[in-house]
Amino acid sequence: MTNRNDIEQLFKAHYAQMHRLAVALLHDDDLARDIVHDVFATLIEAPFEIPPTGGYLIKAVRNRCLNHIRDCEIHQRIANCYFLENEEYDSEDWPDDETIARIYGLIKSEILPRARRVMELRFSDGLPFARIAASMEISETAVYRHLSHALKIIRKKLNEYG
């Protein structure tokens, strides 16, 4: 759908409702605007024979918000796996540049190539587990296991260094 007038009419008619829904789900005004923007950007890029309805737009916003929440929860679970044993963690002081350099060194030297690729896709590219699994032709469970195992190795080695 590349007709700007159609998109503008949809925007004027449904933006406020879409934004309210996103804010209600995410509790973050800026993120809500970004998600609504992404939905409209998709309309510009994707050809539609029939212009989408308000219901479609609301569902698209809801689904994107839920995907964001799910991805944040997964990220938090992985972070918690690392910090379970590290009681000295202070978010303001960690990680320093030296620790980051150690982590990168450990990833290159201690993590197997497949797990290293999973880490790259997840943390550098920001891909969700499902897309990583599809691109590597493995299950989402395997993605989680690769990440979990790699984080255990990194945690163990960092604890050895002190």
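**Aromatic pairs and a helix contact**

Student: Why is Phe 11 called partly exposed?

Tutor: Phe 11 has a relative accessible area of 37%. Buried means under 20%, exposed means over 50%, and partly exposed is in between (1.4 Å probe, protein chains only); with 37%, Phe 11 is therefore partly exposed. This is a predicted model, in which local features need pLDDT of at least 70 and side-chain atom pairs count only at pLDDT 80 or more, while totals for chains, interfaces and linings use all residues. Residues are numbered from 1 along each chain as its sequence is written, and side-chain values use heavy atoms, with hydrogens and water left out.

Student: What makes Tyr 15 partly exposed?

Tutor: The relative accessible area of Tyr 15 is 23%, so Tyr 15 counts as partly exposed.

Student: How many aromatic pairs are there by the rule, and why is the pair of Phe 11 and Tyr 15 called tilted?

Tutor: Rings of Phe, Tyr and Trp (its six-membered ring) pair if their centres lie within 6.5 Å; planes under 30 degrees apart count as stacked, over 60 as edge-to-face and the rest as tilted. The count by this rule is three aromatic pairs. The rings of Phe 11 and Tyr 15 have centres 4.8 Å apart and planes at 35 degrees, so this pair is tilted. Both residues lie in helix 1 (residues 4-26), four residues apart, about one turn of the helix. Helices (H or I, at least four residues) are DSSP runs, numbered from the N terminus.

Student: What makes the pair of Phe 129 and Tyr 144 tilted?

Tutor: The ring centres of Phe 129 and Tyr 144 are 6.4 Å apart and the planes stand at 40 degrees, so the pair is tilted. Phe 129 lies in helix 6 (residues 129-136) and Tyr 144 in helix 7 (residues 140-161), so the pair ties together parts that are 15 residues apart in sequence.

Student: Is Phe 129 buried or exposed?

Tutor: Phe 129 has 6% relative accessibility and therefore counts as buried, whereas Tyr 144, at 30%, counts as partly exposed.

Student: Why is helix 5 called oblique to helix 6?

Tutor: Helix 5 and helix 6 pack at about 135 degrees, with their axes 10 Å apart. Axes are lines fitted to C-alpha atoms over the stretch in contact, and angles run from 0 to 180 degrees between N-to-C directions. Angles under 35 degrees count as roughly parallel, over 145 as roughly antiparallel, 65 to 115 as roughly perpendicular and the rest as oblique; helix 5 is therefore oblique to helix 6.

Terms used: Helix = DSSP H or I, 4+ residues; strand = E, 2+ residues; numbered from the N terminus.
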